[in-house]
Amino acid sequence: MAFLSDALGRMKPSATIVVTQKARDLKAQGRDVISLSVGEPDFDTPENIKRAGIAAIERGETRYPPVSGIQPLREAIARKFKRENGLDYKPSQTIVGTGGKQILFNALMATINTGDEVVIPAPYWVSYPEMVALCGGTPVFAETRIEDNFKLQAAELDRVITPKTKWVILNSPSNPSGAAYSHDEMKALTDVLLRHPHVWVLTDDMYEHLVYGDFKFVTPAQVEPKLYDRTLTMNGVSKSYAMTGWRIGYAAGPEHLIKAMDTLQGQQTSGACTIAQWASVEALDGPQDHLKVFRKAFEERRDLVVSMLNQAQHLKCPTPEGAFYVYPSCAGAIGLKTPEGKVIGNDEDFVTALLESEGVAVVHGSAFGLGPNFRVSYATSTAVLEDACTRIQRFCASLR
Ligand SMILES: Cc1ncc(COP(=O)(O)O)c(C=O)c1O
């Protein structure tokens, strides 16, 4: 009898974690390595939020919280959706989890039966297909093209929906491409979804606040109110408030779905950390001034990285609207050789050779379901980014 479960056998480890660890190991051996593989802001949690966490400890907010979240946070979440997205949710329609990751996983776990299909546009965040597979569902990938800046087109969405489709996962701005949908681009997709009333929408809005220039963020239930009854709008404090370690994510949707997720969470982790929940009340209700600082820094870095990568031979890098990633194509390098004679057969070879010869860690696009590309996280200082992009340029120039 096998010791490990069949469910585990359906999953792969996260490629982003594997690359980050490889970079750490090389650094530990004394190599000069720059890691552009991490998925978190390099900023500290804003002071007012930290203080709210400390105050919660000092007030003794240290007991088991309700499974779905403390009432003040559920109220703050309802206010956030109204204020920022024009969406009316009662606190009872919200749920707080241990990171956005738990929310997504529980929504899928609470609804997927064997054979149910979940549409995932590629390139995708590495965890979506693995979560779907773990729940016994079948990930169905929708293709995007670099010419469309990796945004899903209506005809492709229509093509991949079948009678077995339970969910479509949308993620704007996207990890890994940074692409974000304008109102009209989102409307084209919600129009398709209106024609398929059995399909639910799981929208991952984690990077909502990290958009640049005059780009305006939208979320599906806001663009098409007729989808409200079959949309789970998921968000969290990890990226927008530099709170990745606090582990708070949340969602709002139809009450019967929220209740199902509550039942699941009640037998699993129960309520999320009380201290982090109180800090999140301050994050959502408190001043949002830090966002201007984050956005300005990220926008400058995005522009720097896009410009330097487009000056590298064999690379093509679109300018994304948001998040802190760019997703250049390395198609021009495929088939070339490194000075050591190694052939670059695919994007994984490209990133491996880049790490070995120049000590720059990035994640290959095939891990996100679309290549030959690679993901660069620019959540690091301008000086480090300049150094890293210079090394990438030198690596590309060395290929023959
Ligand atoms: C697109 C996307 N969704 C969800 C998450 C998970 O967020 P959290 O850290 O709150 O679990 C991440 C984190 O990398 C992400 O990039």
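Good morning. Domain 1 (6-44 + 290-398) and domain 2 (63-285) both contribute residues to the lining of the second largest cavity, so this cavity lies between them. The domain bounds come from an automatic or database domain assignment. The structure is a predicted model, in which local features need pLDDT of at least 70 and side-chain atom pairs count only at pLDDT 80 or more, while totals for chains, interfaces and linings use all residues. Residues are numbered from 1 along each chain as its sequence is written, and side-chain values use heavy atoms, with hydrogens and water left out.

Let me stay with the cavities. On a 1 Å grid over the protein atoms alone, a cavity is a set of points where a 1.4 Å probe fits but cannot get out; a pocket is an open set with protein on both sides within 12 Å along at least five of seven lines; and lining residues have an atom within 4 Å of a point. Grid points are joined across faces, edges and corners, and a volume is the space filled by probe spheres set on the points. Two cavities of 30 Å³ or more are counted by this rule.

The second largest cavity holds about 50 Å³ of space. Among its lining residues are Asn149, Phe150, Pro318 and Tyr327. By class, this lining has six nonpolar, three polar and one charged residues. Here Ala, Val, Leu, Ile, Met, Phe, Trp, Tyr, Cys and Pro count as nonpolar, Asp, Glu, Lys and Arg as charged, and the others, Gly among them, as polar.

The largest cavity has about 150 Å³ of space. Of the 17 residues lining this cavity, Pro121, Pro123, Asn171, Ser174 and Tyr181 lie nearest its centre. Strand β5 (residues 165-171) gives the most to that lining, with three residues. Helices (H or I, at least four residues) and strands (E, at least two) are DSSP runs, numbered from the N terminus.

I turn now to the pockets. Where does the largest pocket lie? Both domain 1 and domain 2 give residues to its lining, so the largest pocket lies between them. About 650 Å³ of space lies in this pocket. Its lining has 29 residues, and Gly39, Lys101, Trp125, Asn175 and Lys239 lie nearest the centre. Helix α2 supplies the largest share of the lining, five residues. The classes there are nine nonpolar, 13 polar and seven charged residues.

The second largest pocket has a volume of about 300 Å³. Its 15 lining residues include Met11, Lys12 and Glu130, and the largest share, four residues, comes from α6. Nine of the lining residues are nonpolar, three polar and three charged.

The next topic is the core. A nonpolar core is a set of buried Ala, Val, Leu, Ile, Met, Phe, Trp, Tyr and Cys residues joined through side-chain atoms within 4.5 Å. Buried means under 20% relative accessible area, exposed over 50%, and partly exposed in between (1.4 Å probe, protein chains only). In the largest nonpolar core there are 82 residues, and Trp167, Leu232, Leu309, Leu315 and Phe350 have the most contacts inside it. Helix α12 (residues 290-310) gives the most to this core, with seven residues.

Finally, consider Cys317. Is this residue buried or exposed? Cys317 counts as buried, because its relative accessibility is 5%. Its place is in the loop between α12 and β9 (325-326).
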